[in-house]
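Please keep the sequence and the 3D view open while reading.

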Protein chains: 2
Amino acid sequence: MNSKENDNFISETALVNFCVGVLEKIGVPREDAILASKNLIEADMRGVYSHGVVRFPIYVKRILDGGTNPKAKPFIERETRTTAVLNGDNGLGHLVGIQAMQLAIDKAKEGDCSFVAVNNSNHFGTAAYYAEMAARQNMIGFSFTIGAINHMAPWGGAEAMLGNNPFAIAFPTREDFPVVLDMACSVAARGKIIVAAKEGKPIPPDWATGPDGLPTTDAVEALKGFVIPVGGPKGYALTMAVGMLSTMLSGAAFGRDVGELYEKTATAQNSGHLFGVLPVASFDDLDAYLDRMQKGMSDLRTAKKAAGFDRIYMPGEREHISLLSAREAGIPIGPC
Amino acid sequence: MNSKENDNFISETALVNFCVGVLEKIGVPREDAILASKNLIEADMRGVYSHGVVRFPIYVKRILDGGTNPKAKPFIERETRTTAVLNGDNGLGHLVGIQAMQLAIDKAKEGDCSFVAVNNSNHFGTAAYYAEMAARQNMIGFSFTIGAINHMAPWGGAEAMLGNNPFAIAFPTREDFPVVLDMACSVAARGKIIVAAKEGKPIPPDWATGPDGLPTTDAVEALKGFVIPVGGPKGYALTMAVGMLSTMLSGAAFGRDVGELYEKTATAQNSGHLFGVLPVASFDDLDAYLDRMQKGMSDLRTAKKAAGFDRIYMPGEREHISLLSAREAGIPIGPC
């Protein structure tokens, strides 16, 4: 979406203020409402509309229905000097995630690596947000989460037992954005299948299976089935690993115990995450690392281009360009 | 390959002894030769023939040609109580990897998480081997490495600038094997394209590009081009992240600086790895974690099966079954 396609733009401030107002009205303390809204809306600004304000109604509904605690006070259940388990007190995942990553960063201030596992949380938006918090402190940041709905079958299965579990890894750079991998484990987002089904169009054979667990090009059948993981059995193992990292250390829900974000709105999801940081300066002088990063990025950017391409982007670079543009021009809003 | 297809089996002991004999003859100390050979041959026993004894000739050639140091003594370049950079002294990657992961495990003995970055190493075999070392100590283990050859172009590129970088994550379980994800980032191994080219067969359109960076089904063209990452741009970002994790903290080679395992046999590769461990008991009682793992695995295994499937495997389970069978029946050897 760009300004030529849509004349409706809203400024970051206006959209944040709107969300803050709603959240305060339903019981979220003002400071928390601001933090959560900024986190949420950064996704829209980065062009990741699937994880931005489009999700706001379900977060509100879950608070109204009692499924999420608006006044949550996350607390540490167990810790060592370099690890912790944070209980999210069933708060908004955006707030729990920030608190957990900040705890990991704080524990790493003396040069240790640190990991914080989280239980009793909720959908936290984009994984990149938390990994980037670490990168801004000159730490490599890891962010893993269990998906809020099971959309994937185990390899050889025909029953939704796994989330399309996202994770992010962010690297500090000398540029004004970190290199950041942020991916879920399916070939295509389920949203794309919904669009194809509405338009009566077929889908590529590697996007989804029907309810029998076998690949289908029929979008309607696909919606009764399961999304296919990247690389087939590789992606199955990957989403399982991300899901286990996010839940097994903390006791968050996995497998049959995972709820349904949009349906069981009165029930706590017990979502889990894992955050980790590696402080660069513990491994080498920061400048030496940053030099290497610039050299590596330059190698990739100056590679010969494929036919039809005139630029190679770093992971996270397109999102950063979108963010800068949204700061300038506002966030595009679709027709209501 | 199983006993019905091939009558030539060799016992683990005989194959290890053979490799130890060769390595000793070319200057590797006996204890190191035993460690490296056991690591190498475990890959064959696990059915991962691509990373087993088939690679032995190139390891030997690199030592003979001066590209790898047979008497390496890896040493710590920098460390904190929970991190380290290990210089591999250009030794066999199998030995450097074991030493680095053991260092991470030792640093985590008091309950800390720990990460060890490695430079000046070489091809280390399977990533799973090291992650499993941690799992056997009731720690979640991470193992990342840069590939020893650049076979992948950045997304939008047409120049080999990235390895097909493998990584592994292993989880302790109550069963006699850990759950272990071990994957490289391409859709298909380059070896499969070589086979198709030899047989004059086409390849699926998502396996590789030609030299212009655009997808091709012509296996011969594909060998002049690049392997395609899983999930397209997702896999590009993933292999880049794994490569950066494996090199940027330690100063190992990345991008244009990556050598070529099979060609520049007189030159050190300066390969990099990253190993990490999360001790389960720092996060929760070990039994509680193990209970959750069993429940999670049971959820997945008991999922309704897809048409044509009668069993769902955990990642690493097939390899473990292969290992048990190889202990009993020996390792299958192809015709010479």
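## Two asparagines with positive phi

B:Asn270 is found in the loop of chain B that runs between helix H8 (233-247) and strand E12 (271-279). The model is a predicted one, and in it the phi of B:Asn270 is near 50 degrees, a positive value in a residue other than glycine. Most residues other than glycine have a negative phi. B:Asn270 counts as buried because 22 other C-beta atoms lie within 10 Å, where the cut-off for a buried residue is 20 or more.

In chain A, phi of A:Asn120 is near 55 degrees, again a positive value in a residue other than glycine. A:Asn120 lies in strand E4 (residues 114-121) of chain A, and it is buried, with 25 other C-beta atoms within 10 Å.

Two packed helices are described by the angle between their axes and the distance between the axes. In chain B, the axes of helix H2 (residues 30-45) and helix H4 (residues 93-107) come within 9 Å and cross at roughly 95 degrees, which means that H2(B) is roughly perpendicular to H4(B). H2(B) contributes B:Asp32, B:Leu35, B:Ala36, B:Asn39 and B:Leu40 to the contact, while H4(B) contributes B:His94, B:Leu95 and B:Ile98. By type, the residues of this contact between H2(B) and H4(B) divide into 5 nonpolar, 2 polar and 1 charged.

In chain A, helix H2 (residues 30-45) and helix H4 (residues 93-107) pack at an angle of about 95 degrees, with their axes 9 Å apart, so H2(A) is roughly perpendicular to H4(A). The contact is made by A:Asp32, A:Leu35, A:Ala36, A:Asn39 and A:Leu40 from H2(A), together with A:His94, A:Leu95 and A:Ile98 from H4(A). The residues of the contact of H2(A) with H4(A) comprise 5 nonpolar, 2 polar and 1 charged.

H4(B) is mostly covered, since 12 of its 15 residues are buried, among them B:Gly93, B:Val96, B:Gln99, B:Met101 and B:Lys107. The buried residues of H4(B) pack against H2, strand E3 (83-87), strand E4 (114-121), helix H5 (127-135), strand E5 (139-145) and E12 of chain B. The 15 residues of H4(B) should span 21 Å at 1.5 Å a residue, and the end C-alpha atoms of H4(B) are 21 Å apart, which agrees.

H8(A) is also mostly covered, with 14 of its 15 residues buried.

## The nonpolar core

The largest nonpolar core holds 218 residues, and of these A:Ala131 and B:Ala131 touch the most other members. Leaving aside neighbours within four places in sequence, B:Ala131 is in contact with B:Gly141, B:Phe142, B:Ser143, B:Ala168, B:Ile169, B:Ala170 and B:Val180.

## Where the chains meet

The contact between the chains takes 65 residues from chain A and 65 residues from chain B. On the side of chain A that touches chain B, the elements that give two or more residues are strand E3 (83-87), E4, strand E8 (167-171), strand E9 (179-183), helix H8 (233-247) and helix H9 (286-301) of chain A. The residues on this side of chain A divide into 37 nonpolar, 15 polar and 13 charged.

Conventions:
Residues are numbered from 1 along each chain as its sequence is written. Chains are lettered from A and ligands numbered from 1 in the order in which they are written. This is a predicted model: local features need pLDDT of at least 70, side-chain atom pairs count only at pLDDT 80 or more; totals for chains, interfaces and linings use all residues. A nonpolar core is a set of buried Ala, Val, Leu, Ile, Met, Phe, Trp, Tyr and Cys residues joined through C-beta atoms within 7 Å. Two residues are in contact if their C-beta atoms, placed from the backbone, lie within 7 Å. Axes are lines fitted to C-alpha atoms, for helices over the stretch in contact, and angles run from 0 to 180 degrees between N-to-C directions. Helices (H or I, at least four residues) and strands (E, at least two) are DSSP runs, numbered from the N terminus. Angles under 35 degrees count as roughly parallel, over 145 as roughly antiparallel, 65 to 115 as roughly perpendicular and the rest as oblique. Ala, Val, Leu, Ile, Met, Phe, Trp, Tyr, Cys and Pro count as nonpolar, Asp, Glu, Lys and Arg as charged, and the others, Gly among them, as polar. The expected span of a helix is 1.5 Å times one less than its number of residues.
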